[in-house]
Amino acid sequence: MSSEEADVLIVGGGLIGSSIAWRLAQQGQRVTMVDAGNLGGEASTAGAGMLAPASEAAKQSPWLELGVRSLRLYPKFLEELQSETGREVECRMCGCLYLDPGADADRLEALHRTAGVRVERRDEALFYPEEGVIDPGALLRSLRHAGEKRGVRVEHQLLSEVKATEYRAVVIAAGAWSGSIPVFAEDGPLPLPKSEPVKGHLIGFHMRPGLLPSFLRKDRTYVLQRADGLVIAGTTEEHVGFDTSVQMASCDELHRRAADVVPELAAAEPVRRWIGFRPGPEHDDGPVLRRVDDSNVWMAYGHYRNGILLTPVTAEIMASQIAAALA
Ligand SMILES: Cc1cc2nc3c(=O)[nH]c(=O)nc-3n(C[C@H](O)[C@H](O)[C@H](O)COP(=O)(O)OP(=O)(O)OC[C@H]3O[C@@H](n4cnc5c(N)ncnc54)[C@H](O)[C@@H]3O)c2cc1C
């Protein structure tokens with residue numbers, strides 16, 4: 001890693017870091033992106049892939065507002081990515097069927113309509129026709145490819161600290177690890193908001209393609225299907241630090257909950273069980289997308305349950321903030 005080769009250092013190569021890197025490189029910035037592991041081996045490839053601003057949000061919040069904005073950006077974002085890479089990212093705007101909202105149905109319908117989201121009543125369910133499902137691994141691979149074609153340099157390294165003085169701009173986009181990386185600017189260490197890992201289990205089944213025309217939610221459970229037939233059911237919310245173990249008891253409980261939503265899953269055996277660490281924000285008021293005081297360091301983390309959905313809007317916001325500062 002050397003400032004002689006880069007104007008901008010991006011710490012973290014998940015969806016958030018990779019999308020910002022691509023956008024900055026499109027503007028002609030010289031970008032180096034550093035990732036501790038196999039780029040994107042953390043939350044961004046573990047995530048389920050719902051693009052679900054409304055069915056994820058039970059109250060008015062920045063999550064809902066940013067999520068709706070990002071969902072609207074998605075078609076153009078994917079089109080542009082495909083034209084730069086020649087690769088298609090699997091993404092279906094298949095809608096979400098929210099089963100049994102019960103006494104909350106009227107309130108949710110009003111909340112989401114006010115936020116500009118289309119909602120339909122279907123018997124005992126709410127249907128969100130604009131929501132969809134994307135393959136986050138395919139999205140990440142395309143973003144990496146597009147960034148590299150635009151000259152983004154990628155390095156594999158665990159940074160134990162960041163010396164921001166060596167770059168014109170630094171972006172901390174290290175997901176759940178972001179708040180614990182020491183960052184030094186001209187006047188000394190910078191106080192970064194905390195980020196907390198929120199562990200989630202997911203399980204996957206091989207089912208016949210086309211089993212689920214839309215994705216389904218009920219209470220804390222969701223079930224979605226990829227084009228190749230893989231059905232993914234989630235999830236859990238665990239505050240256990242960076243514990244990477246996959247717990248059979250959690251997977252079994254998830255299997256029971258998933259079978260309550262899609263009865264065909266009762267007799268099916270999971271073919272995959274995995275976990276990921278959502279980057280939990282310090283406060284539940286949306287991700288941190290801003291500069292640290294008047295330093296040359298920007299923060300793009302804390303996307304929690306919505307980082308896949310929020311990728312286009314995050315890249316747009318961060319790239320425009322940084323471009324304005326470097327102009
Ligand atoms: C179970 C689960 C289900 C989810 N489902 C959805 C969903 O359906 N829809 C949705 O929108 N979102 C979902 N999410 C959330 C989404 O996956 C995350 O919000 C998003 O991926 C965060 O992206 P990121 O780039 O900030 O973090 P990450 O993907 O975690 O990337 C951070 C990167 O930083 C690197 N890094 C960390 N520390 C350092 C260091 N010191 N030096 C160098 N590199 C470092 C890591 O190696 C990592 O690659 C889900 C998450 C989980 C866990």
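Select D35 and the ligand to begin: a polar side-chain atom of D35 lies 2.6 Å from an oxygen atom of the ligand, a polar contact in the sense of a pair of N or O atoms within 3.5 Å, where within protein one atom must be able to donate a hydrogen and the other to accept it, and residues adjacent in sequence count only if both atoms are side-chain atoms. The model is predicted, with local features needing pLDDT of at least 70 and side-chain atom pairs counting only at pLDDT 80 or more, while totals for chains, interfaces and linings use all residues. Residues are numbered from 1 along each chain as its sequence is written, and side-chain values use heavy atoms, with hydrogens and water left out.

A backbone N or O atom of A43 lies 3.1 Å from an oxygen atom of the ligand, and a polar backbone atom of N306 is 3.4 Å from a ligand oxygen atom. Taken alone the ligand exposes 1000 Å², of which the protein buries 98%; accessible areas come from the Shrake-Rupley method with a 1.4 Å probe, and for residues only the protein chains shown count as cover.

The ligand is surrounded by 40 residues, and the closest are D35, S44, M50, R305 and L309. By class, the shell has 20 nonpolar, 16 polar and four charged residues, where Ala, Val, Leu, Ile, Met, Phe, Trp, Tyr, Cys and Pro count as nonpolar, Asp, Glu, Lys and Arg as charged, and the others, Gly among them, as polar. Among the elements that give two or more residues to this shell are α1 (15–26), β2 (31–35) and β18 (272–281), and β18 gives the most, with four residues. Helices (H or I, at least four residues) and strands (E, at least two) are DSSP runs, numbered from the N terminus.

Move to G47, in the loop between α2 and β3. G47 is buried, with a relative accessible area of 18%; buried means under 20%, exposed over 50% and partly exposed in between, with a 1.4 Å probe and protein chains only. Leaving aside neighbours within four places in sequence, G47 is in contact with P136, L202, R226 and I308, contact meaning heavy atoms within 4.5 Å. Although G47 and I308 are 261 residues apart in sequence, their C-alpha atoms are 7.6 Å apart.

Strands pair if DSSP finds at least two bridges between them, and β4 pairs with β8 (residues 132–134) over two bridges, with R92 opposite V133.

Then select β20 (residues 297–301), where five of five residues are buried. In a regular strand the side chains alternate between the two faces of the sheet. Here V297, M299 and Y301 are buried on one side, and W298 and A300 on the other. Strand β11 (residues 169–172) pairs with β20 in the parallel sense over three bridges, with V171 and W298 as bridge partners, whereas β19 (residues 288–291) pairs with β20 in the antiparallel sense over four bridges, with L289 opposite A300.

End at T221, in strand β16 (residues 221–225). T221 counts as buried because its relative accessibility is 5%, and its side chain makes a polar contact of 2.9 Å with the side chain of R257.

Methods
A residue is near a molecule or strand if one of its heavy atoms lies within 4 Å of it.
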